[in-house]
Amino acid sequence: MATPKICGIETEYGILAIGSDMGPIAASSLVVGSYSGGTSSWDYSLERPGEDARGFTLDDQFLPEIEVQLVNSVLTNGSRYYVDHAHPEISGPECTNALDILRYDQAADEILRRSLDLANQQLPQGVSIVAHKNNSDGKGNSYGSHENYLVSRLVPFDQLAAFITPHFVTRQIIVGAGKVGSEFPANRPTFEGFQISQRADFFEEEIGLETTIKRPIVNTRDEPHCDPTHLRRFHVIVGDANMSQAATFVRVGSTQLVLALIEEGLYPPHLVIDDPVAEIRQVSRDLESTHKITLHDGRLMSAMEIQRDLYDRCVTAVACGMDIGSSPEVVSLVLSTWGRMLNAVETMNDEAPRLIDWVAKKRLVDGFRDRHGLKDGDPRLKAIDLQYHDLRPNKCLAFKCGLETLVPASEVALAVDAPPEDTRAYMRGMLMRGYSEEIVSANWDSIVVDIGGDVLKRIDMPDPLRGTRTLTERLFEGDPSLLTLLKRLEGR
Amino acid sequence: MAERIRKSAANSSHTEEIAPETAVESPQSDLVAELDDLLDEIDEVLETNAEEFVKNYVQKGGQ
C-alpha cells in the first residue's frame with residue numbers, strides 16, 4: 001500500500017493597507033492578532049527548515065530568518081495562524097483527504113475575512129486593510145500557497161523529483177489561477193498579455209532548498225514532523241492559490257494520486273521532462289494548447305496529453321486497489337472532478353468557467369476589455385485580476401462569477417472552529433479549545449503545557465494518524481482538568 | 001416573453017419564425033447573458049481608482 005497521503009496547505013495572503021502608510025508587517029500583525037490575540041507561541045525547538053532531502057543541512061544559514069517576535073498562534077481547528085515574510089499565513093491542519101483540505105482552505109479564507117473585520121474596526125475612518133488570496137503583485141514579487149504530502153522514504157528523492165515534475169509543469173492547465181501580464185524576467189514586469197499561472201514566472205531551478213529566491217519546481221526541505229526514518233514531508237511550492245473550490249480539491253487530490261503512483265512503481269519511467277523550468281513558463285503562456293513539451297527521450301507531448309496519461313494511470317491504479325488513505329468516496333470524487341476539468345479545458349465547454357480559475361478570470365478580463373475598448377496592458381485589466389482574489393465578499397470577482405461549490409458554507413463554518421477528526425490535528429485542536437491558558441507553546445508534533453511547579457510538560461504527537469477523535473475522544477470526556485487529562489494520557 | 005406573445009398573436013402566420021429564435025436560447029447564450037450581467041457588476045464594484053489601486057498594490061516577496 002502507498003503511504004497514507006496525509007496532506008496540508010499553507011497559504012500566504014497578499015495584504016494592503018488602504019488610506020494609510022502602514023507597512024505590511026504591521027498590517028499583517030494587526031490582522032492576525034485581532035483574531036487570535038496572539039496568545040500561544042510557536043515552538044521552534046524541533047524545526048529544521050534547513051534539512052535537505054538530498055542529505056545535507058543548512059541550519060546556520062536559515063536560523064536568522066525566524067521571526068519569533070511576530071504574532072504566532074495555534075487555532076482550535078488545528079491550524080497555525082501567523083505572520084510570515086510580511087504576509088498573514090495560515091497553515092492548515094493535517095488532513096487525510098482532499099475534501100478536508102478544501103474545507104480547511106475555505107475555513108482559512110473565512111478566518112482571514114473575520115480577522116480583517118476585527119482589525120478594521122480598530123482603524124480610523126478612511127483606513128482599511130484588505131487581503132487577497134493570490135500569489136503575485138504583478139511587479140515581480142511572489143508569495144506562496146504551499147502543499148505538503150507525506151511520502152515514503154523508500155522512493156529515492158531524485159526519482160521522486162523527476163517523476164512528479166511533469167505533473168507540476170502540466171497540472172496548471174486545470175488548476176492555474178490565471179494572471180494578467182508577465183513577471184519574467186522579474187525585473188521587467190508588464191501588464192500585457194494573459195497567462196495560465198500566477199506562479200510559473202518565478203521558478204528558476206528544477207530542484208533545491210530555497211523558497212524565496214531562485215525558487216525550485218521541486219523543493220527539497222526535509223522536515224517530516226513525524227517518523228523521519230520512514231517518512232518524508234514532500235513540500236510543494238510550485239502551485240497557485242485557488243479561488244475555485246474544484247481547483248483546490250483537484251490540485252491536492254491529483255497530486256496525492258500521482259505521488260502514490262510513484263511509490264507503487266506504477267509511474268511510467270519514460271515520462272520525464274527535458275527542461276522543466278523553460279516548459280513551466282511555456283505551458284503557462286500556451287492559451288491555445290498548441291505547445292509540445294520535449295521529453296527526455298525526445299518525444300513530444302502536449303500538457304493535455306501528459307495530464308491525460310497521468311489521469312488514466314491513476315484511474316486504472318485506483319480501480320486495481322491503489323490506496324492513498326482517503327475514503328473511496330473522496331478518491332472517486334477527485335477522479336471524476338479531475339476528468340471533468342480536463343474535458344472542460346480541452347473543449348472549452350460551459351463547465352470550464354465554472355471549474356477553472358484561469359478560464360473564469362480570462363472571461364472577465366476579455367469581456368471587460370471588449371466592452372470598454374481597452375488596450376492590452378491597461379491597468380484596469382490588472383485591477384480585475386487582483387480583484388478576482390479580493391477576500392471582501394462585496395469586491396471579490398471570483399465570488400460573483402458562478403464557480404461551482406463542492407463544500408457548503410455550513411461545513412466551512414464548522415471547520416473554522418473544529419479540527420479534522422482523523423489526524424493528530426484533532427488532539428491539537430481539542431487541547432487549544434480546552435486548555436489554551438495552560439499551553440506554553442505548540443508545534444506540529446508536540447504541545448508544551450504548564451501544569452504548575454518547576455517543570456513544563458511536553459505532549460508528543462509524533463504520528464499524524466494518531467491523536468484522532470476515535471483514539472482520544474474519551475480523554476476529553478467530562479471536560480477534565482489538564483492534570484486529569486495528562487493522567488488519563490499516561491494511564492493509556 | 002410578453003412581447004413575443006403579442007407578436008405571435010398579431011401575426012399568427014409568423015409563428016414558424018419565432019420557433020427558431022427560442023431554440024437559439026441554448027446554455028451558450030445563458031453564459032453570454034450572464035457575462036453581460038457580470039460586466040455590469042464589475043463596472044459597479046471595480047475599485048473606483050483602479051489605476052491607482054494597481055499602482056499601490058506592492059507586496060513584499062514571500063515564500
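Student: What do the side chains of B:Asp36 and A:Arg371 form?
Tutor: The model is a predicted one, and in it the side chains of B:Asp36 and A:Arg371 meet in a salt bridge, at 3.6 Å from N to O.

Student: How many salt bridges are there between chain B and chain A?
Tutor: The count between these two chains is seven.

Student: Which elements give two or more residues to the side of chain B that touches chain A?
Tutor: They are α3 (27–45) and α4 (50–56) of chain B. Of these, α3(B) gives the most, with 13 residues.

Student: What about A:Lys400, which residue is its salt-bridge partner?
Tutor: The partner is B:Glu41, and the closest N and O atoms are 3.2 Å apart. A:Lys400 belongs to helix α13 (residues 397–400) of chain A and B:Glu41 to helix α3 of chain B, so this pair joins two chains.

Student: How accessible are A:Lys400 and B:Glu41?
Tutor: A:Lys400 has 22% relative accessibility and counts as partly exposed. B:Glu41 is also partly exposed, with a relative accessible area of 31%.

Student: How many residues are in contact between chain B and chain A?
Tutor: On the side of chain B there are 28 residues, in contact with 48 residues of chain A. The area buried between the two chains is about 3,300 Å², and carbon and sulfur atoms give 58% of it.

Student: Which residues in chain B lose the most area to chain A?
Tutor: Those are B:Tyr57, B:Gln59 and B:Gln63, which together account for 27% of what that side buries.

Student: And how many residue pairs are in polar contact across that interface?
Tutor: The rule finds 28 residue pairs in polar contact between chain B and chain A, where both residues have pLDDT 80 or more.

Student: Let us turn to the whole structure. How many salt bridges are found over all chains?
Tutor: The search finds 43. One of them is between A:Arg251 and A:Glu147, with the closest N and O atoms 3.1 Å apart.

Student: Where in chain A are A:Arg251 and A:Glu147?
Tutor: A:Arg251 is in helix α6 (residues 245–263), while A:Glu147 is in strand β8 (residues 145–152). The pair links distant parts of the chain, 104 residues apart.

Student: Are A:Arg251 and A:Glu147 buried or exposed?
Tutor: Both A:Arg251 and A:Glu147 are buried.

Student: What is the salt-bridge partner of A:Lys179?
Tutor: A:Lys179 pairs with A:Asp201, and their closest N and O atoms are 3.4 Å apart. A:Lys179 is in strand β9 (residues 179–182) of chain A and A:Asp201 in the loop between β10 (190–195) and β11 (203–208), so the pair ties together parts 22 residues apart in sequence. A:Lys179 and A:Asp201 are both buried.

Student: Changing topic, how many aromatic pairs are there over all chains?
Tutor: A search of the whole structure finds six aromatic pairs. Among them is the pair of A:Phe168 and A:Phe234, which is stacked, at 6.3 Å centre to centre and with 10° between the planes.

Student: Where do A:Phe168 and A:Phe234 lie in the chain?
Tutor: A:Phe168 is in helix α4 (residues 157–170) of chain A and A:Phe234 in strand β13 (residues 231–236) of chain A. They are 66 residues apart, and the pair links distant parts of the chain.

Student: Why does A:Phe168 count as buried, and why does A:Phe234?
Tutor: The cut-off for buried is under 20% relative accessible area. A:Phe168 counts as buried because its relative accessibility is 3%, and A:Phe234 counts as buried because its value is 1%.

Student: Which residues form one aromatic cluster with A:Phe168?
Tutor: A:Phe157 and A:Phe234 form one aromatic cluster with A:Phe168.

Student: Over the face of which residue does A:Arg80 lie, and what about A:Arg281?
Tutor: A:Arg80 lies over the face of A:Tyr82, at 3.7 Å from the ring centre. A:Arg281 lies over the face of A:Phe184, at 3.5 Å from the ring centre.

Student: One last topic: where is A:Gly126 found, and is A:Gly126 buried or exposed?
Tutor: A:Gly126 is in the loop between α3 (98–121) and β7 (128–132) of chain A. A:Gly126 is exposed, with a relative accessible area of 63%.

Student: Which residues does A:Gly126 touch, not counting residues up to four places away in sequence?
Tutor: On that basis A:Gly126 touches A:Ile18 and A:Gly19. The C-alpha atoms of A:Gly126 and A:Ile18 are separated by 7.9 Å, although the two residues are 108 residues apart along the chain.

Methods:
Residues numbered from 1 in each chain as written. Chains lettered and ligands numbered in written order. Predicted model: local features only at pLDDT ≥ 70, side-chain atom pairs only at ≥ 80, totals over all residues. Heavy atoms only, no water. Phe/Tyr/Trp six-rings, centres within 6.5 Å; stacked < 30°, edge-to-face > 60°. Helix = DSSP H or I, 4+ residues; strand = E, 2+ residues; numbered from the N terminus. Buried < 20%, exposed > 50% of the residue type's maximum accessible area, 1.4 Å probe, protein only. Lys NZ or Arg CZ within 6 Å of the ring centre and 35° of its normal. Contact = heavy atoms within 4.5 Å. Buried area = accessible area lost by both parts, 1.4 Å probe. Salt bridge = Lys/Arg side-chain N within 4 Å of Asp/Glu carboxyl O. Polar contact = N/O pair within 3.5 Å; in protein donor to acceptor, adjacent residues only side chain to side chain.
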